[in-house]
Amino acid sequence: MSEDLFKNIISHSKEYGFIFPSSEIYDGLSAVYDYGQLGVELKKNIREYWWKSMTLLHENIVGLDAAIFMHPTTWKASGHIDAFNDPLIDNKDSKKRYRADVLIEDHIAKIESKIEKEIEKAAKRFGETFDAAMYRSTNPRVLEYQKKAEEINSRFKTALENNNLTEVKQIIEDCEIVCPISGSRNWTDVRQFNLMFSTQMGSVSEDAGTIYLRPETAQGIFVNFLNVQKTGRMKIPFGIAQTGKAFRNEIVARQFIFRMREFEQMEMQYFVKPGTEMQWYTSWKETRMKWHSSMGFPASKYRFHDHIKLAHYANAACDIEFEFPFGFKELEGIHSRTDFDLKSHEQHSGKKLQYFDPEENKSYVPYVVETSIGLDRMFLALISHAYKTETLEDGSTRDVLSLPAFLAPVKAAILPLVKKDGLPEKASEIMELLKFDHLCQYDEKDSIGKRYRRQDAIGTPFCITVDHDAIDSSSSNYNTVTIRHRDTMQQERVSIDQLPAIVEEKVSIKKMLRSL
Ligand code: GAP
């Protein structure tokens with residue numbers, strides 16, 4: 001069911017100009033996508049909402065736009081050259097490459113789904129008196145599955161912690177995991193694979209140094225920490241926000257725009273006094289969850305997931321997970337990164353990256369709390385929650401994108417009922433009234449019903465229809481139009497001069513920001 005839904009979302013995104021496979025005329029490029037005419041608008045609106053929620057609502061957060069290319073030592077200092085790896089394994093028969101950790105995690109997930117199936121079956125058998133928690137803790141078959149999953153999990157965790165790739169392969173063999181393509185267990189050894197893309201800078205390749213396409217935007221913030229602090233006269237605590245492209249040579253790139261090789265991040269590094277980081281970590285978790293909830297998702301769609309195994313730079317970390325059509329997955333990371341990055345850049349550059357605290361009368365390397373969200377993942381969360389196929393009273397169906405109105409790519413469609421009798425001219429006047437504030441579409445082609453469906457499918461909150469009464473000075477409806485609301489399909493008659501206020505009320509980003 002969810003798989004079908006996901007396929008429909010992908011084809012809908014393409015059909016209506018939200019997302020296209022990259023260089024499609026050459027059959028595409030794996031895990032790289034282009035945003036079409038509507039996708040680019042939705043993406044821009046999400047980015048703007050994030051940006052304003054950071055820089056307008058916090059006087060102590062400022063922006064930055066650092067270059068994608070950075071001095072190569074940046075990545076030595078950040079740990080990405082040595083430690084930004086995924087364990088990979090190849091199947092010798094299908095010649096397909098997999099992430100060894102993903103194979104094992106999927107295997108554990110399969111065992112867990114068997115537990116859920118057992119519980120579902122029992123719930124049907126026992127009816128209302130069924131106690132799921134009790135069944136989970138006493139049923140021998142469920143307990144056996146649980147034990148198996150826990151054993152694999154703990155073996156796997158130890159293997160990763162010890163960087164023991166032979167043991168990772170052994171787990172795959174012991175679990176009898178087969179290649180989904182060839183069905184065979186003919187595996188190579190597990191190897192570490194660095195996820196950074198590299199290229200050469202300079203025209204003579206022998207002299208050129210290897211440089212990397214940034215795998216996260218955060219390092220551009222760290223290396224500019226002192227530039228911004230000094231020139232902006234920033235006092236701790238303060239934050240630097242940045243949005244921009246990041247690149248990762250993902251081994252398993254799948255699930256549409258969920259895991260891409262080129263994607264966009266929206267990151268904010270918050271520099272704090274050492275010892276206060278846990279308080280800021282908790283506070284940023286709350287602030288970010290409020291931002292997510294403001295977009296109208298039910299609370300059940302989100303959950304926090306604390307990291308058990310912390311990255312080398314973190315003393316606390318969690319993900320905000322969202323329920324995508326393929327299950328709960330990471331949407332945003334919140335990390336308490338200690339002073340790891342700034343200290344490491346100090347060591348590698350030989351330059352001090354310290355803050356003089358006038359209250360303490362001493363200098364120190366600040367600690368950092370980071371919020372990091374993938375713009376493409378937020379896009380996918382929004383579109384997959386918004387996409388619905390509804391059956392109407394007359395038995396027909398409509399595809400509708402119930403996007404939050406303030407994020408919708410097109411805010412209003414202006415539709416003359418017929419393309420004659422002066423209606424197009426009146427509709428054009430309305431376009432002129434609205435177009436300086438909002439992206440609007442003028443459409444006079446096809447029946448009005450078809451035009452409504454087209455706008456529903458792209459998530460336009462308002463359809464404004466101009467009929468003969470609107471231009472008939474003898475009618476009581478002179479200079480009025482009907483405005484149709486996307487979600488309810490209700491129509492109301494309003495005067496033309498009220499339109500700017502009606503539309504603005506519904507699509508105002510300012511109102512959303514005030515609610516945060
Ligand atoms: N600076 C911290 C950092 O980069 P991360 O958890 O690796 O942390 C942050 O990435 C966010 O970037 C993720 O929560 C996710 O939304 C997004 N992201 C990471 N890899 C991605 C990929 N391959 N495709 C799309 N989004 C990705």
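The dialogue below takes the sheet and then the ligand.

A: This is a predicted model, in which local features need pLDDT of at least 70, side-chain atom pairs count only at pLDDT 80 or more, and totals for chains, interfaces and linings use all residues. Residues are numbered from 1 along each chain as its sequence is written, and side-chain values use heavy atoms, without hydrogens and water.

Q: In what order do the five strands of the open sheet lie?

A: Strands of a sheet pair through backbone hydrogen bonds, either parallel or antiparallel. Strands are DSSP runs of E of at least two residues, helices are runs of H or I of at least four, and both are numbered from the N terminus; two strands pair if DSSP finds at least two bridges between them. Here the order is β20-β19-β21-β22-β23, with mixed pairing. β20 (440-442) and β23 (491-495) are the edge strands, each pairing on one side only.

Q: In which sense do β19 and β21 pair?

A: β19 (residues 412-416) and β21 (residues 462-466) are parallel, over five bridges. A413 stands opposite C463 in β21.

Q: Which residues are closest to the ligand?

A: A residue is near a molecule if one of its heavy atoms lies within 4 Å of it. The ligand is surrounded by 20 residues, the closest being E216, M260, E267, E330 and L331. β13 (327-338) gives the most to this shell, with six residues.

Q: How far is the polar side-chain atom of E216 from a nitrogen atom of the ligand?

A: A polar contact is a pair of N or O atoms within 3.5 Å. For E216 the distance is 2.6 Å. A backbone N or O atom of M260 lies 2.8 Å from a nitrogen atom of the ligand.

Definitions and conventions: A polar contact is a pair of N or O atoms within 3.5 Å; within protein, one must be able to donate a hydrogen and the other to accept it, and residues adjacent in sequence count only if both atoms are side-chain atoms.
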